[in-house]
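Trainee: Hi! Could you walk me through this one?
Mentor: Happy to, let's have a look together.

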Amino acid sequence: MKRYEKFVLEAEKGITFEVSEGIRGELIIRVRNIATTEALAKTREESITKALNVATANNYVNPPIPEGYKRVCGKWNNGFVIERDSDGSQFVWVPVGSLDSDGTLDGEHFSQKFGRRNYMKDEFSYDGFNEVLNGELLEQLESVIKYGGFYISRYNISKSSAGKPQSIKGVMPWVNINFDDAKKIASTIEDNEAVKSHLTFGAEYDSVLEWFIKTEVKTLAEIAEDSTEWGNHWNTENSPKKVVETGSREKWCANNIYDFAGNVDEWTQEQNESSYRVIRGGSYDLDGYNCPVAYRGYDNPGEVFDDTGFRVALYIK
């Protein structure tokens, strides 16, 4: 059972209200000189930012290990990997608390550790890409505030011999799947009292990319200008010119996460104003300089492609 805790915002007239649940501890933020309701609402972004900065100050270096999982390798800052006992699926810890506050949750204010980034300098405006902070994304924000980070699948999701989704090495990624099915299947990977899975959000995807830059395993140029050298793209030297098995080459690995660039691109929950869903990462039949890993492609959520798969993130309760 979740505990219902709250931020308390105190204005001159003693205004208080709850804006979130499941956040560890009661964070008190005093807001002065607020004259209107609109001004009070405007401080919500600042409140979330301060809460995230305070709560993740230290705990991101101690990744939680959910029941039914075990640590297999890595440290918090270079790819802490856990493995599910039941099927060997692996996930990597993304220490959000260690990132710079240059992300966004509302598409306007770039002041968040956890959030989308503007790597391609389009301000998300050209195609109106957005994510609403509710539901699974809000749950993940609360989990990030509580634990300092989140887990993402180490590999593109594949299908077991029994037809079950998994995140393991050495198998073909699950492709020819539309957005709606990918989202539904992603939610079935884990759903218990300790942990819940979901299809990756843009805020999670870009937080991973920011972590790659922060730890200097990849440069901004390798993310936003040309991902050729660290992904299965058609213009990669000795490119196989096809989708290959997950985790097939070490050069396509960054902080213990495989195939983030190239091989298959990935459905995400980010969307544009026409409800088309954003596809990230580039694929084997796209070049790494026109479609680097930071590039936001998009398509009809009902379409299927032989080079588009998906990845999942875990929400730790």
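Mentor: We'll go from the overall picture to a few residues, keeping in mind that this is a predicted model.

Trainee: Okay, how many helices and strands does the protein chain have?
Mentor: The protein chain has five helices and 16 strands.

Trainee: And how much of the chain is buried?
Mentor: Of the 317 residues in the protein chain, 56% are buried. The accessible surface comes to about 13,900 Å², and carbon and sulfur atoms hold 46% of that.

Trainee: What share of the contacts is between residues 24 or more positions apart?
Mentor: That share is 62%, counting the contacts with a separation of 6 or more.

Trainee: Let's switch to rings. How many aromatic pairs are there?
Mentor: The count is 15 aromatic pairs. One of them is Y205 with F260, a stacked pair with 4.3 Å from centre to centre and 25° between the planes.

Trainee: Where do Y205 and F260 sit in the chain?
Mentor: Y205 is in helix 4, residues 202-214, while F260 is in the loop between strand 11 (257-258) and strand 12 (265-271). The two are 55 residues apart, and the pair links distant parts of the chain.

Trainee: Is Y205 buried or exposed?
Mentor: Y205 counts as buried because its relative accessibility is 0%, and the cut-off for buried is under 20%. F260 is buried too, with a relative accessible area of 0%.

Trainee: Which other pair does F260 form, and how is that one arranged?
Mentor: F260 also forms an edge-to-face pair with F212, at 5.7 Å centre to centre and 80° between the planes. F212 lies in helix 4 and F260 in the loop between strand 11 and strand 12, so this pair ties together parts that are 48 residues apart in sequence. Both F212 and F260 are buried.

Trainee: Which residues make up the ring cluster?
Mentor: Ring pairs link Y205, W211, F212, W230 and F260 into a cluster.

Trainee: What about a charge and a ring, which residue lies over the face of F124?
Mentor: That's R116, at 4.3 Å from the ring centre of F124.

Trainee: New topic: where is S143?
Mentor: S143 is in helix 2, which covers residues 135-147. S143 is buried, with a relative accessible area of 3%.

Trainee: What does S143 touch?
Mentor: Setting aside neighbours within four places in sequence, S143 is in contact with G148, G149, Y315 and I316. A polar atom of the S143 side chain lies 2.7 Å from the backbone oxygen of I316.

Definitions and conventions. Residues numbered from 1 in each chain as written. Predicted model: local features only at pLDDT ≥ 70, side-chain atom pairs only at ≥ 80, totals over all residues. Heavy atoms only, no water. Helix = DSSP H or I, 4+ residues; strand = E, 2+ residues; numbered from the N terminus. Buried < 20%, exposed > 50% of the residue type's maximum accessible area, 1.4 Å probe, protein only. Contact = heavy atoms within 4.5 Å. Areas by Shrake-Rupley, 256 points an atom, 1.4 Å probe, with all protein chains shown as cover. Phe/Tyr/Trp six-rings, centres within 6.5 Å; stacked < 30°, edge-to-face > 60°. Lys NZ or Arg CZ within 6 Å of the ring centre and 35° of its normal. Polar contact = N/O pair within 3.5 Å; in protein donor to acceptor, adjacent residues only side chain to side chain.
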